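Trainee: I would like a close look at one part of this model. Please keep to what the atoms show.

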Amino acid sequence: MVWAGFHLHGRTPLYRIRGNLTGVRYRDEIVTPQIIPTLQAMGAGAMLQDDNATPHRATGWSKMFCSVSRL
């Protein structure tokens, strides 16, 4: 499986996911190195939209997004 994010001005690099994607792996391998820097670079109006998959709802990392607008 692969993961990538996209936005009005570009996209994140493709990331190959080997094995099962848990909430912890999502946080450590995608959220921290990919999503957060992209949102920070986009500025205060950035919004995050995800597909509500189980790893996206994990309570271990979801608190990181308390100040991010989510669709």
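Trainee: Which side chain meets that of Glu29 in a salt bridge, and at what N to O distance?

Mentor: The side chain of Arg25 meets that of Glu29 in a salt bridge, at 2.8 Å from N to O. A salt bridge here is a side-chain nitrogen of Lys or Arg within 4 Å of a carboxyl oxygen of Asp or Glu. Side chains of opposite charge can pair when their charged atoms come close.

Before going further, the basis of these values. This is a predicted model, in which local features need pLDDT of at least 70 and side-chain atom pairs count only at pLDDT 80 or more, while totals for chains, interfaces and linings use all residues. Residues are numbered from 1 along each chain as its sequence is written, and side-chain values use heavy atoms, with hydrogens and water left out.

Arg25 and Glu29 both belong to helix α1 (residues 23–42), where they sit four residues apart, about one turn of the helix. Helices are DSSP runs of H or I with at least four residues, strands are runs of E with at least two, and both are numbered from the N terminus. Glu29 is partly exposed, because its relative accessibility is 22%. Arg25 is also partly exposed, with a relative accessible area of 21%. The cut-offs are under 20% relative accessible area for buried, over 50% for exposed, and partly exposed in between, with a 1.4 Å probe and protein chains only.

The count of salt bridges comes to two. Arg27 forms one with Asp28, and their closest N and O atoms are 2.8 Å apart. Arg27 has 24% relative accessibility and so counts as partly exposed; Asp28, at 44%, counts as partly exposed too.

Glu29 has a further link, to Gln34. Leaving out residues up to four places away in sequence, Gln34 touches Trp3, Thr12, Pro13 and Glu29, where contact means heavy atoms within 4.5 Å. Gln34 is placed in helix α1, and Gln34 counts as buried because its relative accessible area is 15%.

As for the setting, the chain has two helices and six strands, in the order β-β-β-β-α-β-α-β from the N terminus. Of its 71 residues, 27% count as buried. Among contacts between residues at least 6 apart in sequence, 36% join residues at least 24 apart.
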